[in-house]
Amino acid sequence: MEAKCITERNRDFFDQGAAHVYNVPWIRDLVSRISGFLVSNHDWLGVRVGDSSKRMLDYAGGNGTAVSLPFRDYFGTIRCIDLSSAMVAQYNANASSQGLSSDRMLAVQGDLLSSDVKESLADDPEWSGFDLIVMSMALHHVTDPEMMVTKLAERLNTGGTLAFVDWVSKPEGLSGEEELAMKSHASHGTITKHGFTKEEMDVYFEKAGLVDCEFKIATDFQMPPEVGGGERSAFVARAKRAS
């Protein structure tokens, strides 16, 4: 499937799901587990509470509940780029409901893998110079994970941290039953890779010029039958831009 087609499928899927996807019980549970892991490991991510000079980018941040809102007391400025305009609207509404101005927390629609300068925000300094960049449960949707890591790494401050949350690849691959379930699910055609290994993430980071790569299991999770079923592990991998 062509990259443009996959991107459009993802845009449509998340536009349609923006109003309800975070209310699906298993997704709500997974988001809670991941958020808890990130906050409890803030030192590992190079984050300190209450430093108003620090800036974070939540890439493919959805409605903001997974990463941005849990970290709202850790950064003076939080920004989000998401492929889906409907998710962007949800994100900004959630920030506003928490009394956070757009100076503090703001999402825009964009795609760093786009060749369009406006959509990729290539010439806007507001969207660079971040101390932490997090991409949670979205790398498996992009057409070129290695290039995505490089594009995000370019937007880090010196000494900044880039972190990814995603599924760990199953060594044996998906079972026939899991494959069948995923093919019948609404998200079919939006996923390009069913997880990543530590070795893959290390290669992506190193090719992006990052150092101090680490990989931790964030949670073990029982996927519901309708989205593949079976035990899955989610990881957090992080690396830093050399000072």
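The points below go from the basis of the model to its sheet, its helices and its salt bridges.

1. This is a predicted model, in which local features need pLDDT of at least 70 and side-chain atom pairs count only at pLDDT 80 or more, while totals for chains, interfaces and linings use all residues. Residues are numbered from 1 along each chain as its sequence is written, and side-chain values use heavy atoms, with hydrogens and water left out.

2. Let us begin with the sheet. Its 7 strands form an open sheet with mixed pairing, in the order β3-β2-β1-β4-β5-β7-β6. Strands here are DSSP E runs of at least two residues, and helices are H or I runs of at least four, numbered from the N terminus. Two strands pair if DSSP finds at least two bridges between them. At the edges are β3 (105-109) and β6, each pairing on one side only. From one strand to the next, the twist averages 15°.

3. Strand β2 (residues 75-82) pairs with β3 in the parallel sense, over 5 bridges. Cysteine 80 is found opposite alanine 107 in β3.

4. Now to the helices. Helix α2 (residues 25-40) lies across β4, β5, β6 and β7, at about 145° to β6. Helix α7 packs on the sheet too, touching β5, β6 and β7, and its direction makes about 145° with that of β6. Axes are lines fitted to C-alpha atoms, for helices over the stretch in contact (heavy atoms within 4.5 Å); angles run from 0 to 180 degrees between N-to-C directions.

5. Please look at helix α5 (residues 145-153) as well. Its buried residues include Met148, Val149 and Leu152, where buried means under 20% relative accessible area, exposed over 50% and partly exposed in between (1.4 Å probe, protein chains only). The buried residues of α5 pack against elements including β1 (51-59), β4 (130-136) and α7 (198-207).

6. How many salt bridges does a search of the whole structure find? There are 13, each a side-chain nitrogen of Lys or Arg within 4 Å of a carboxyl oxygen of Asp or Glu. One of them joins glutamate 8 to arginine 11, with the closest N and O atoms 3.5 Å apart. Both residues lie in helix α1 (residues 3-17), 3 residues apart, about one turn of the helix.

7. Aspartate 212 and lysine 240 also meet in a salt bridge, at 4.0 Å from N to O. Because aspartate 212 lies in strand β6 (residues 210-223) and lysine 240 in strand β7 (residues 230-241), the pair ties together parts 28 residues apart in sequence. Salt bridges that share partners join Asp212, Glu214, Arg238 and Lys240 into one network.
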